[in-house]
Amino acid sequence: QVQLVESGGGLVQAGGSLRLSCLASLSWFSRYDMGWHRQAPGKQRELVATISSGGETNFVDDVKGRFTISRDNAKNTVYLQMNSLKPEGAAVYYCNAVLVRGSVSQGYWGQGTQVTVTS
């Protein structure tokens, strides 16, 4: 059974940092494109950052320069380093894994980890 387990969330003051981790029980983890998404109360889930199987990264404009995403294929883990956190960054952060094979895509989600940012 595939599981994505996020950790590292918590309470932090504005301007502080957190490092989220996502451990994926995926065979061939290195072939998956990985992403972090977040959902604040009353809002839709939004993409925060992605890292492809080849290591290419992308970020939503709001977090560029403050967040970094990385992966350790030997540990089946993807990380989100969040610096200079803002109160509006408070949300449940979810890890996502996607594998595309031709016209077929296969995706998995974690249960999320709460990030609370106090002003």
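Begin by selecting Cys22 and Cys95, both of which are buried, where buried means under 20% relative accessible area, exposed means over 50% and partly exposed lies in between (1.4 Å probe, protein chains only). The model is predicted, so local features need pLDDT of at least 70 and side-chain atom pairs count only at pLDDT 80 or more, while totals for chains, interfaces and linings use all residues. Residues are numbered from 1 along each chain as its sequence is written, and side-chain values use heavy atoms, with hydrogens and water left out.

Show the sulfur atoms of Cys22 and Cys95 next: a disulfide joins them, S to S 2.1 Å, the term being used for a pair of cysteine sulfur atoms within 2.5 Å. The link of Cys22 and Cys95 is left-handed, with -80° about the S-S bond. Because Cys22 lies in strand β3 and Cys95 in strand β9 (residues 91-101), the pair ties together parts that are 73 residues apart in sequence; strands here are DSSP runs (E, at least two residues), numbered from the N terminus.

Now select Tyr32 and Tyr108, whose ring centres are 6.4 Å apart with planes at 50°, so that the pair is tilted. Rings of Phe, Tyr and Trp (its six-membered ring) pair if their centres lie within 6.5 Å, and planes under 30 degrees apart count as stacked, over 60 as edge-to-face and the rest as tilted. Tyr32 counts as buried at 5% relative accessibility, whereas Tyr108 is partly exposed at 22%.

Finally, select Arg45, which lies over the face of Trp109 at 4.7 Å from the ring centre. A charge sits over a ring if NZ of Lys or CZ of Arg is within 6 Å of the ring centre and within 35 degrees of the ring normal.

Key
Helices (H or I, at least four residues) and strands (E, at least two) are DSSP runs, numbered from the N terminus.
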